[in-house]
Amino acid sequence: MAIKTAVVGAAGFAGVELIRVLLRHPHFELVVATSNELAETPIAQEYPCFVGATDLAFSTHDDPALAECDLVFLAVPHTAALAMAPAHVKRGAVVVDLSADFRLEDPAVYEQWYNTPHTELELLAKRAFGLPELFRDDLARVQGEHAAGQGVLVGCAGCYPTATALAGAPAMRLGLASSEGAIVVDAISGVTGAGKKCSPRTHYCFDNENVEAYGVATHRHTPEIEQILGAKDRVVFTPHLAPTNRGILSTVNIPLASGIKPDASAIRAQYEEFYWDDYFVHVLNERVQPRTSSVAATNHAHLGIAVNEPARTLIVTSAIDNLGKGAASQAVQCANIVFGFAESAGLDYLAIPVI
Ligand SMILES: NC(=O)C1=CN([C@@H]2O[C@H](COP(=O)(O)OP(=O)(O)OC[C@H]3O[C@@H](n4cnc5c(N)ncnc54)[C@H](OP(=O)(O)O)[C@@H]3O)[C@@H](O)[C@H]2O)C=CC1
Ligand SMILES: CC(=O)N[C@@H](CCC(=O)OP(=O)(O)O)C(=O)O
C-alpha cells in the first residue's frame, strides 16, 4: 500500500528535488505539495519537466490534507520547521525535516548559531539524526518507535556537513585522526545551496566567472560538523561559492594520530571497509578524484583518499550533490529506513556522464 506523502515547501530548490524523486518512488505517493507563492498552480505548469508525471497542483502551507499524510517532508527554512514539526509527530506521522532545526543536539548551541531559542526540547531529544551511513542505529531506533505506532522525527544533516562528515568520520571513528590539532575543511558549493530567492550574492552577474569564500570562521555548519565528528572547537570550516548550479566538493585535512603510518593505500583500504555495506558511498581509487559532475542529481557520495606524508595529514575529498545526498534524496533514504523499505528504494539512479 502506498504511503501518503507530503512535501511542505515544495516549490523551493530542495522541495522540487523531492517532487522529482517522489514521483518515481515505488512506495511513497506524493499527495500534497505546498507553496503559498504558487498555490493552485499545477506543478507541471510551473515545472514542465513533470508534464505527464503528475496532475497535482501546489496548495498552501496550511492545506488540511497534510493531516492525512503518513509521511511529511519539511523543506522550509529553519524556524518554520520548528513550528510545523510537532503537530505532525503528535498525530503519529513520520516527519523528515531538511532544515537545521533538529540537527544540533544542544539547544544552547542552536540558539547561539541560529539566533532563536529552541522551543521543542523533548522532540529534539527524541529525534534521529538523518545521515544514514553514520547514524543507522539512530534511524533504526525511530523505525522501531514508528512500528509501535508513534510519530517520529528525523532531523536531516546539512549539505556541507553531509559531504564533510562522510569524509572525516571514518578517520575519527577508526582512530586514524590525532585527538589534537585543527581539522581544516575547505568546501565549495553550487548556487542552489543558497535557495531559490535571489540575493546580491547569488545574482548571475556576481557568481558567473567568480569564486569566493564566505562565512569565513563564522559559518553555522561548523558546530554541526564538530558534533558529527566529535571534534569540538577543532573544525576550521571555509565554504566557497562556485559558479555552478549544483554540487559540493569538500576537502577535509585531518592530522594523523602519532601511531598511524602515513600510508594512503592502507588508509584507503580502511575507508573501503568502513563503507563496504553502504550502497551510496564510494571510495575511489588513487587514479581518480571525486567530481561533482559524477554525482550530480544522485544520492551517491564519492570519496578520494590521499596523505601528505611530511605533514602527516590525511586529505579526504568528498563530492555530493547538495540537493541530492545533501538534501532531498538523503531525506528519502532516511524515510525508506524508517518505513522499513530498502534503503535505495526510488533512489537507484546514476549521474549523466560528462563526455
Ligand atoms: N538548497 C540546498 O542545497 C539545501 C537546503 N536545505 C534546507 O532545506 C530547506 C529548504 O531549502 P531550499 O529549498 O534551498 O529553500 P528555498 O528558499 O528554495 O525554498 C523555501 C521553501 O520554503 C517555503 N517557505 C518559505 N518561508 C516559509 C515559512 N515561513 N513558512 C513555511 N514555508 C516557507 C517557500 O514557500 P513559497 O513557495 O510559498 O515561497 C519555499 O517553498 C531549508 O531549511 C534549507 O536549509 C538542506 C540541505 C541543502
Ligand atoms: C551556497 C549556500 O549558501 N549554502 C548554504 C548552505 C545550504 C543550506 O541550505 O543549508 P543547510 O544544509 O543547513 O540546510 C549556506 O551556506 O548557508
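User: How many of the nine residues of helix α9 (residues 221-229) are buried?

Analyst: This is a predicted model, where local features need pLDDT of at least 70, side-chain atom pairs count only at pLDDT 80 or more, and totals for chains, interfaces and linings use all residues. Residues are numbered from 1 along each chain as its sequence is written, while chains are lettered from A and ligands numbered from 1 in the order in which they are written. A residue is buried if 20 or more other C-beta atoms lie within 10 Å of its own, exposed if 12 or fewer, and partly exposed in between, with C-beta atoms placed from the backbone. Helix α9 is largely enclosed by the rest of the structure, because its buried residues number eight.

User: Which elements do the buried residues of α9 pack against?

Analyst: Helices (H or I, at least four residues) and strands (E, at least two) are DSSP runs, numbered from the N terminus. Contact requires C-beta atoms, placed from the backbone, within 7 Å. The buried set includes H221, E224 and L229. Its packing partners are α4 (107-114), α7, β7 (183-189) and β9 (235-241).

User: Which residue just after α9 takes a positive phi?

Analyst: The phi in question is about 65 degrees. The residue is G230.

User: Is C159 buried or exposed?

Analyst: C159 sits in helix α7 (residues 159-173). An unreviewed UniProt entry annotates C159 as "active site"; such annotations may be inferred rather than shown by experiment, and positions follow the numbering used here, with feature names shortened. Beyond four places in sequence, C159 touches G193, I248, N322, G326 and A327. With 29 C-beta neighbours inside 10 Å, C159 is therefore buried.

User: Which helix gives the largest share of the shell around ligand 1?

Analyst: Of the 30 residues around ligand 1, G9, G12, S35, S99 and G195 come nearest. The shell divides into 13 nonpolar, 14 polar and three charged. Its largest share, three residues, comes from helix α1 (residues 13-22).

User: What is the C-alpha to C-alpha distance between A10 and V32?

Analyst: A10 lies in the loop between β1 (3-8) and α1. A10 is buried, with 28 other C-beta atoms within 10 Å. A10 and V32 are 22 residues apart in sequence. In space, their separation is 8.9 Å.

User: Is α6 parallel or oblique to α11?

Analyst: Helix α6 (residues 136-147) and helix α11 (residues 328-338) pack at about 50 degrees, with axes 8 Å apart. Axes are lines fitted to C-alpha atoms, for helices over the stretch in contact, and angles run from 0 to 180 degrees between N-to-C directions. Angles under 35 degrees count as roughly parallel, over 145 as roughly antiparallel, 65 to 115 as roughly perpendicular and the rest as oblique. So α6 is, relative to α11, oblique.

User: Is E40 buried or exposed?

Analyst: E40 is found in the loop between β2 (28-34) and α2 (43-46). Phi of E40 is near 80 degrees, positive in a residue other than glycine. With 9 C-beta neighbours inside 10 Å, E40 counts as exposed.

Methods: Two residues are in contact if their C-beta atoms, placed from the backbone, lie within 7 Å. A residue is near a molecule or strand if its C-beta atom, placed from the backbone, lies within 6 Å of it. Ala, Val, Leu, Ile, Met, Phe, Trp, Tyr, Cys and Pro count as nonpolar, Asp, Glu, Lys and Arg as charged, and the others, Gly among them, as polar.
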